[in-house]
Amino acid sequence: MSKLDKVFPENFLWGGAIAANQAEGAWNVDGKGPSIADVSRGGIISGVSDMAVDPTKFYASHEAIDFYHRYKEDVALFAEMGFTLFRTSIAWSRIFPKGDEDAPNEAGLQFYDDLFDELLHHGIQPMITISHYETPLHLANEYGGWENEKLITFFNRYCEVIFNRYKEKVKYWMTFNEVNNMHKIPFATGACRIEEGPDRLQRLYQASHNLLVANAHAVRLGKEIMPQNQVGCMLSLSAFYPNTCHPDDVFEAYEFRRRSLFYSDVMLRGHYPAYAYRIWDENNIKLNIRPGELELIRDHTCAFLAFSYYLSSTHKAGMPILSSTGGSRGIDNPYLEKTNYGWTIDPKGLRYVCNELYDRYEKPLFIVENGYGGIDEISEDGKIHDPYRVDYVKKHLIEIQEAILDGCEILGYAYWGPIDIVSAGTGEMRKRYGFIYVDRDNDGNGTLERIKKDSFDWYKEVIETNGRSLFE
Ligand code: BG6
């Protein structure tokens, strides 16, 4: 067989990804404390949040799709599709309800034991995000989130507990979901309420430093407690293009891209990149770096780079950056179509990003989020026909295959939201990604029944043939 044959590597991992707060529900069951997602309305990414749960308001995460109680049924459906990988997060506030306790909550630990056993029983490897936009609320309210270095200690304790508990069950771990979103959505990423103001950048970089130190500690603890497993980092890395070949557009787009890659540069190369010092100088930023922290970052770099990829965006010099999609407001790419949520569809951008990242780091890549979020309708025949989703995934998988041929080492693909879950960006159920439909609406009505969409059988065949069906 030629190296250029259109096949995926034999050990390529296929599956899907969710986050605890978008799926589990049971927000206050079995000792779980509230997380920052549990006080967010309109989606954790939207940044609209209360200080405490207000019983008169509706919060989508409180019940979500009740994965907490229905995971067996859902895992069986994932197994039917042939998943070999399932990414989810551990809800930190199930394990440490407030975040600063000395001892963990056994009922929370038991839930994940049961979930991982169920997955392993079906031959599905769990892959874990340690913190996915769901920091315990108490750590945000009482400590100011990741601006406070005490969170490093609490996070270390949490990592120690879960690494020891699940080291025989979970091989792949990721520290912070989309950690490079710290500047755009500091509440979701860092549990920090940082408003506009003269000290904004100082605060964002200090909180980022604390996250980067915590990441290095997690890698260190991972090596000590479970040397057979791997701890990686996770970034949002949709593609980013200059609007024209004007050198100002090109360079400014490059600079913005580096603000994201700043995080992976530190976590994979083990030091602050040269360009960071100019940003800090020009903005009068003085980081509080404690003794030993730079050495820790140097000595404990991540084993792989996991990332989300949904779209590409375009930047024009001098224009402000949009927070949700990353590009400049009002600047469209005339070569690309969009989903009905306005997200560009750019499969080749995924090949571009894989190459960009592999060229830069030469570390294994994991695509742990990619998917089509849109509005699905139940047809008169009672089925959900979603050819747009099949088309989207097919084109992206073909470009991943191309990236593999380009020489990128890609360990696996976890489709985002293989079952409908609450949207992190809008808080809706209406924005659906799933191969499996869940009967629930934006206001919490519905039976929660699970229904296979047309894409279910299609994805099953892709996995069954290890991607060969994409080329038939
Ligand atoms: C990523 C997040 O940014 O995008 C997920 O890691 C999120 O939590 C996903 O759900 C898709 O975004 P949305 O807004 O469509 O849910």
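Asn-466 sits in the segment after helix H14 (454-464). Helices here are DSSP runs of H or I with at least four residues, strands are runs of E with at least two, and both are numbered from the N terminus. Asn-466 is not a glycine, yet its phi is positive, about 50 degrees. Most residues other than glycine have a negative phi. Asn-466 counts as buried because its relative accessibility is 9%; buried means under 20% relative accessible area, exposed means over 50%, and partly exposed is in between, with a 1.4 Å probe and protein chains only.

Before I go on, the model is predicted: local features need pLDDT of at least 70, side-chain atom pairs count only at pLDDT 80 or more, and totals for chains, interfaces and linings use all residues. Residues are numbered from 1 along each chain as its sequence is written, and side-chain values use heavy atoms, with hydrogens and water left out.

Back to phi. Asn-284 is another non-glycine residue with a positive phi, about 55 degrees. Asn-284 is in the loop between helix H10 (274-282) and helix H11 (293-299). Is Asn-284 buried or exposed? Asn-284 counts as exposed, because its relative accessibility is 55%.

Helix H12 covers residues 347-361, 15 residues in total. From first C-alpha to last it reaches 22 Å, close to the 21 Å expected at 1.5 Å a residue; the expected span is 1.5 Å times one less than the number of residues. The buried residues of H12 include Leu-350, Val-353, Cys-354, Asn-355 and Tyr-358.

Two of those, Cys-354 and Asn-355, are touched by Ala-403, along with Arg-351, Cys-408 and Ile-410, not counting residues up to four places away in sequence. Contact means heavy atoms within 4.5 Å. Ala-403 belongs to helix H13 (residues 387-406), and Ala-403 is buried, with a relative accessible area of 0%. Between Ala-403 and Arg-278 there are 125 residues in sequence and 33 Å in space, C-alpha to C-alpha.

Next, a helix pair. H6 (residues 150-166) and H8 (residues 200-225) pack at about 25 degrees, with axes 10 Å apart. So H6 is roughly parallel to H8. Axes are lines fitted to C-alpha atoms, for helices over the stretch in contact, and angles run from 0 to 180 degrees between N-to-C directions. Angles under 35 degrees count as roughly parallel, over 145 as roughly antiparallel, 65 to 115 as roughly perpendicular, and the rest as oblique. What residues of H6 meet H8? They are Ile-152, Phe-155, Asn-156, Cys-159, Glu-160, Phe-163 and Asn-164. On the H8 side, the residues include Val-213, His-217, Arg-220 and Ile-225.

Thr-426 is in the loop between strand S12 (410-416) and strand S13 (436-438). Thr-426 is partly exposed, at 30% relative accessible area. Thr-426 touches Gly-42 and Gly-43, again leaving out residues up to four places away in sequence.

Thr-88 is in strand S2 (residues 85-89) and is buried, with a relative accessible area of 2%. Leaving aside neighbours within four places in sequence, the contacts of Thr-88 are Ile-18, Ala-19, Ala-20, Leu-115, Met-127, Ile-128 and Thr-129.
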